[in-house]
Amino acid sequence: TAVATAAEVATGYITSTSAGATNITFPTGTLLGAELGATGGTIFELVVDNTAGANTVTMVVGVNAILSAGAAAVGASFGLLTIPTGVTGLARYTLLFSSATAYTITRTA
């Protein structure tokens with residue numbers, strides 16, 4: 001359980017192999033925006049892989065990051081922040097920056 005660093009998220013791929021339930025907090029908009037050189041309109045894809053984990057991963061929204069309107073309206077799919085273990089333990093998030101320091105999160109797979 002930790003805050004993902006901007007550098008870790010910038011790789012586009014995070015893997016969890018934890019035996020215990022894990023919370024991963026998205027980095028602040030300021031840190032991630034600086035790491036990616038983001039501006040308003042920048043789109044970034046992040047894959048979280050929990051196929052080798054033994055417990056659920058929960059993504060946690062960080063400072064200057066919010067769920068998109070679609071994610072908030074359809075929380076059971078686009079807003080889903082939990083990732084199970086095993087063969088279904090993959091998630092893709094689209095991060096859309098509204099400025100260099102703020103972004104929205106939508107689960108797209």
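This is a predicted model: local features need pLDDT of at least 70, side-chain atom pairs count only at pLDDT 80 or more; totals for chains, interfaces and linings use all residues.

Trainee: What makes the radius of gyration of the protein chain agree with that of a compact globule?

Mentor: Set the value against the rule, which is 2.2 Å times the number of residues to the power 0.38. For 109 residues a compact globule would have a radius near 13 Å, and the protein chain has 13 Å, so the two agree. Its C-alpha atoms fill a box of roughly 35 × 30 × 20 Å along the principal axes.

Trainee: How much of the protein chain is buried?

Mentor: Buried residues make up 38% of the 109. The cut-off is under 20% relative accessible area.

Trainee: Which elements make up the protein chain?

Mentor: Three helices and nine strands. From the N terminus they run β-α-β-β-α-β-β-β-α-β-β-β.

Trainee: Why is asparagine 55 called partly exposed?

Mentor: Buried means under 20% and exposed means over 50%. Asparagine 55 has 29% relative accessibility, so it counts as partly exposed. This residue sits in the loop between β4 (43-49) and β5 (57-60).

Trainee: What does asparagine 55 touch beyond its sequence neighbors?

Mentor: Leaving out residues up to four places away, it touches Ser18, Ala19, Gly20, Ala21, Asn50 and Thr85. Contact needs heavy atoms within 4.5 Å. Asparagine 55 and alanine 19 are 36 residues apart along the chain, yet 5.7 Å separates their C-alpha atoms. As for the protein chain, 72% of contacts between residues at least 6 apart in sequence join residues at least 24 apart.

Trainee: How do you know that β5 pairs with strand β3?

Mentor: Count the bridges. Pairing takes at least two. Four join β3 (residues 22-25) to β5, so the strands pair, and they run parallel. Threonine 25 stands opposite valine 60 in β5.

Trainee: And what makes β5 and β7 a pair?

Mentor: The cut-off is at least two bridges. Strand β7 (residues 82-83) has two with β5, in the antiparallel sense. Threonine 58 has threonine 82 in β7 as its bridge partner.

Conventions
Residues are numbered from 1 along each chain as its sequence is written. Side-chain values use heavy atoms; hydrogens and water are left out. Buried means under 20% relative accessible area, exposed over 50%, partly exposed in between (1.4 Å probe, protein chains only).
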